[in-house]
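I opened the notebook to look up a few points on this chain.

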Amino acid sequence: MFIKGDEMMLPLLIFIVLCFILVYLIQILSQLKEMKEMMRTKQLTELNQVLDDYEEKE
């Protein structure tokens, strides 16, 4: 079915596609990590605000 030249192209094509998928997954993971850090910072800020409000009431 394949000509000699095409037999080399298919594994190369699969390899390139896998590389793209890998890079895409790494980007998604790093974005998730950033979002997680932002959420933690936001929660800490809110917690500090609550503590400050509590201290002011006393």
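I checked burial first. Buried residues account for 0% of the 58 residues in the protein. This is a predicted model, and I read every value with that in mind.

Next I looked up the fold. I found one helix and zero strands in the protein. Helix α1 covers residues 4–57.

The protein has an accessible surface of about 6100 Å². Carbon and sulfur atoms hold 70% of that surface.

I went on to nonpolar patches. Which residues make the nonpolar surface patch of about 1200 Å²? I listed L10, L13, I14, V17, L18, I21, Y24, L25, I28, L29, L32 and M35.

Y24 sits in helix α1. Is Y24 buried or exposed? Its relative accessibility is 53%. The cut-off for exposed is over 50%, so Y24 counts as exposed.

Charge was my last item. I noted a negative surface patch formed by D52, D53, E55, E56 and E58.

I followed up on E58. Where does E58 lie? I placed E58 in the segment after α1. E58 has a relative accessible area of 71%. That is over the 50% cut-off, so I logged E58 as exposed.

Terms used
Residues are numbered from 1 along each chain as its sequence is written. This is a predicted model: local features need pLDDT of at least 70, side-chain atom pairs count only at pLDDT 80 or more; totals for chains, interfaces and linings use all residues. Side-chain values use heavy atoms; hydrogens and water are left out. Patches are made of residues with over 30% relative accessible area and no salt bridge: like charges are joined within 9 Å, nonpolar side chains (Val, Leu, Ile, Met, Phe, Trp, Tyr) within 5 Å. Accessible areas come from the Shrake-Rupley method with a 1.4 Å probe; for residues, only the protein chains shown count as cover. A salt bridge is a side-chain nitrogen of Lys or Arg within 4 Å of a carboxyl oxygen of Asp or Glu. Helices (H or I, at least four residues) and strands (E, at least two) are DSSP runs, numbered from the N terminus. Buried means under 20% relative accessible area, exposed over 50%, partly exposed in between (1.4 Å probe, protein chains only). Lys and Arg count as positive and Asp and Glu as negative; His and the chain ends are not counted. The place of a charge is taken as NZ of Lys, CZ of Arg, CG of Asp or CD of Glu.
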